[in-house]
Amino acid sequence: MIIDRDGNITIITQEHPSVKTLVNNIEQSYDKFRPYHLIINLTSLEKQHLEDIIEFLRLSNKHRSDKKSFVVVSDKVNLDEMPDEIVVVPTLQEAYDIVDMEDIERDLGF
């Protein structure tokens, strides 16, 4: 797990194939991630499935309820299969764009 900060955004990149382990590590260290928007970068993983993305659903719901963005970056899943409750995009730039758009929506009271 590689952790980078870019202003008010934390980018977590997973290097090893266990998404479940990544989710557990984030949950255990959640207090240090709570004040930041989170981008979970899974593009370095060879195989990804719908079940891998769903592992983040509980964490995403918790983080979004705190008025922070939670975006998963994956270029190896079918985006049409993803549940509406979690934001999944194929590139890191699109993740940044989502965070910016959601910040604007929060500022406008949506």
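## Helix assignment and model

Helices here are DSSP runs of H or I with at least four residues, numbered from the N terminus. The structure is a predicted model. Under that assignment, Ile104 belongs to helix H5, which spans residues 92-107, and Asp103 is also part of helix H5.

## Buried side of helix H1

Helix H1 comprises residues 19-28, and its residues Val19, Leu22, Val23 and Ile26 are buried. These residues lie on the same side of H1 because they cover an arc of only 100° around the axis. An α-helix has 3.6 residues a turn, so residues three or four places apart point the same way.

## Surroundings of Asp103

Asp103 counts as partly exposed because its relative accessibility is 23%. Its side chain is joined to that of Arg106 by a polar contact of 3.1 Å.

When residues up to four places away in sequence are not counted, Asp103 touches Asn8 and His37. Between the C-alpha atoms of Asp103 and Lys67 the separation is 9.0 Å, with the two residues 36 residues apart along the chain.

Note on methods:
Residues are numbered from 1 along each chain as its sequence is written. This is a predicted model: local features need pLDDT of at least 70, side-chain atom pairs count only at pLDDT 80 or more; totals for chains, interfaces and linings use all residues. Side-chain values use heavy atoms; hydrogens and water are left out. Buried means under 20% relative accessible area, exposed over 50%, partly exposed in between (1.4 Å probe, protein chains only). Helices (H or I, at least four residues) and strands (E, at least two) are DSSP runs, numbered from the N terminus. The arc is that of the directions from the helix axis to the C-beta atoms. Contact means heavy atoms within 4.5 Å. A polar contact is a pair of N or O atoms within 3.5 Å; within protein, one must be able to donate a hydrogen and the other to accept it, and residues adjacent in sequence count only if both atoms are side-chain atoms.
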